[in-house]
2 protein chains.
Amino acid sequence: MVVVTQKRSGMKKVVIGLSGGMDSATLLGYLLDQGAEVHCCSFNYGSKHNKWELEAAESIIDYYIERDFPIYWHKYDIEQMFRKASSALLTSGGEIPEGHYKADSMKQTVVPGRNLIFASIMASLAGALSAEEIALGVHAGDHYIYPDCRPEFIKALDQVIFLSSDKTVQVTTPFVYKTKADILLVGYRLNPSVPYPMTRTCYKDQEFACGKCGSCVERLEAFAEHGLDDPINYETK
Amino acid sequence: MVVVTQKRSGMKKVVIGLSGGMDSATLLGYLLDQGAEVHCCSFNYGSKHNKWELEAAESIIDYYIERDFPIYWHKYDIEQMFRKASSALLTSGGEIPEGHYKADSMKQTVVPGRNLIFASIMASLAGALSAEEIALGVHAGDHYIYPDCRPEFIKALDQVIFLSSDKTVQVTTPFVYKTKADILLVGYRLNPSVPYPMTRTCYKDQEFACGKCGSCVERLEAFAEHGLDDPINYETK
């Protein structure tokens with residue numbers, strides 16, 4: 001499905017990855033607030049929480065469409081790319097580990113080369129649409145576990161995409177040095193606020209967030225840091 | 001289809017892109033000759049000549065399997081990724097231009113970000129298989145037209161894949177400074193020789209090669225440079 005709203009001329013076009021989580025939802029709100037026309041890419045890559053993520057992404061897209069923002073949605077089914085991969089994040093993998101993000105067990109959730117594939121598809125779309133920028137919602141909390149979220153990876157990604165596109169497309173990551181708590185503050189200060197009740201963070205394949213996986217723990221900590229109550233439903237809190 | 005032959009322990013595993021053309025067929029023969037276990041990735045990406053390329057790739061795979069080489073085939077259907085792209089190479093695009101590779105008209109055959117997507121998928125597979133290397137058959141003749149075949153792109157690609165894979169996967173391009181004529185010589189000197197009669201180079205959607213598109217012209221020049229007769233069938237020569 002590709003959602004098309006009114007095209008406004010002269011706007012900066014940006015292609016982003018929209019997972020349906022807090023960080024990418026904030027990235028979307030942040031770029032729309034800056035007056036960009038945003039092309040959101042969402043991926044079905046065979047993760048346990050993919051169904052819930054995509055539902056969240058769709059709700060977020062609808063939220064901004066209802067407010068007449070210039071936003072397009074591009075969905076890709078790339079499950080086949082990870083058929084040989086072993087990761088607890090995938091439906092083919094073991095149990096999602098519980099506990100803090102920094103725990104060694106969370107390394108089981110790495111999907112080899114995932115973000116490079118996502119970004120490559122986004123860069124190709126940017127080339128096709130004559131967009132000059134792709135933006136990613138990676139943040140500081142991801143660095144410990146995921147090699148493809150670290151600043152040195154992002155720098156190399158920017159370089160390879162710049163050269164691949166004959167020097168027309170750049171990569172931006174406005175949150176790469178921010179914590180999830182910082183990102184939350186960005187999103188709440190926007191008008192309209194980022195629709196956090198619609199976002200999906202939990203790695204598990206269940207309707208209500210588990211509150212125990214590394215991803216949930218980090219989210220809950222971000223809300224707690226600001227003395228806020230997380231507006232989504234949890235199985236346990 | 002994944003073809004599995006006898007696994008030999010202690011071999012270097014390499015993931016390559018096998019288009020079915022001369023360069024990637026030579027790369028395959030070259031790596032097998034070096035004693036590598038080779039995982040070949042072929043892509044249906046919606047090009048006009050895709051059907052013919054994939055048939056060629058399958059014949060080349062079979063040629064080496066019959067000779068008991070350690071070789072695997074991984075096919076990916078990624079047509080959806082280029083649904084917004086404009087390129088004469090794609091079934092959705094205009095006529096394939098004729099004439100020499102260096103002609104400006106050949107720029108119409110660029111598919112935005114294609115090689116970065118191919119390489120990203122290959123790098124992810126390498127991570128999943130614990131292979132330490134991906135190899136690409138890009139060569140000097142590609143540089144003028146295709147930004148994603150130039151040495152500076154390859155250097156950046158190596159860097160981004162190295163970091164994405166937590167420093168486990170590297171990119172090699174043994175032919176990046178060779179001409180197509182040089183590559184031909186590599187392939188003919190191997191034992192067994194690279195099966196050039198099985199390779200497919202033409203960009204057009206027709207059984208016999210056209211002999212007129214930039215890709216055919218470059219191939220014919222490579223054979224002519226060595227005083228060799230190209231063993232494939234041409235519509236015109």
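Visitor: What makes the relation between chain B and chain A that of a two-fold axis?

Guide: Chain B can be laid on chain A by a turn of 180° and a shift of 0.0 Å along the axis, with an RMSD of 0.0 Å; the copies are superposed by least squares on the C-alpha atoms of residues with pLDDT of at least 70 in both. That is therefore the relation of a two-fold axis. The same surface serves both copies, as 97% of the contact residues of chain B recur in chain A (contact: C-beta atoms, placed from the backbone, within 7 Å). This is a predicted model, where local features need pLDDT of at least 70, side-chain atom pairs count only at pLDDT 80 or more, and totals for chains, interfaces and linings use all residues. Residues are numbered from 1 along each chain as its sequence is written, and chains are lettered from A in the order in which they are written.

Visitor: Why is strand β1 of chain A called mostly covered?

Guide: Four of the five residues in β1(A), residues 13–17, are buried. A residue is buried if 20 or more other C-beta atoms lie within 10 Å of its own.

Visitor: How do you know that β1(A) and β2(A) pair?

Guide: Two strands pair if DSSP finds at least two bridges between them, and these two have five, in the parallel sense. A:I16 stands opposite A:C40 in β2(A). Strand β4 of chain A also qualifies: three bridges join β1(A) to β4(A), again parallel, with A:I134 as the bridge partner of A:V15.

Methods. A residue is buried if 20 or more other C-beta atoms lie within 10 Å of its own, exposed if 12 or fewer, and partly exposed in between; C-beta atoms are placed from the backbone. Two residues are in contact if their C-beta atoms, placed from the backbone, lie within 7 Å.
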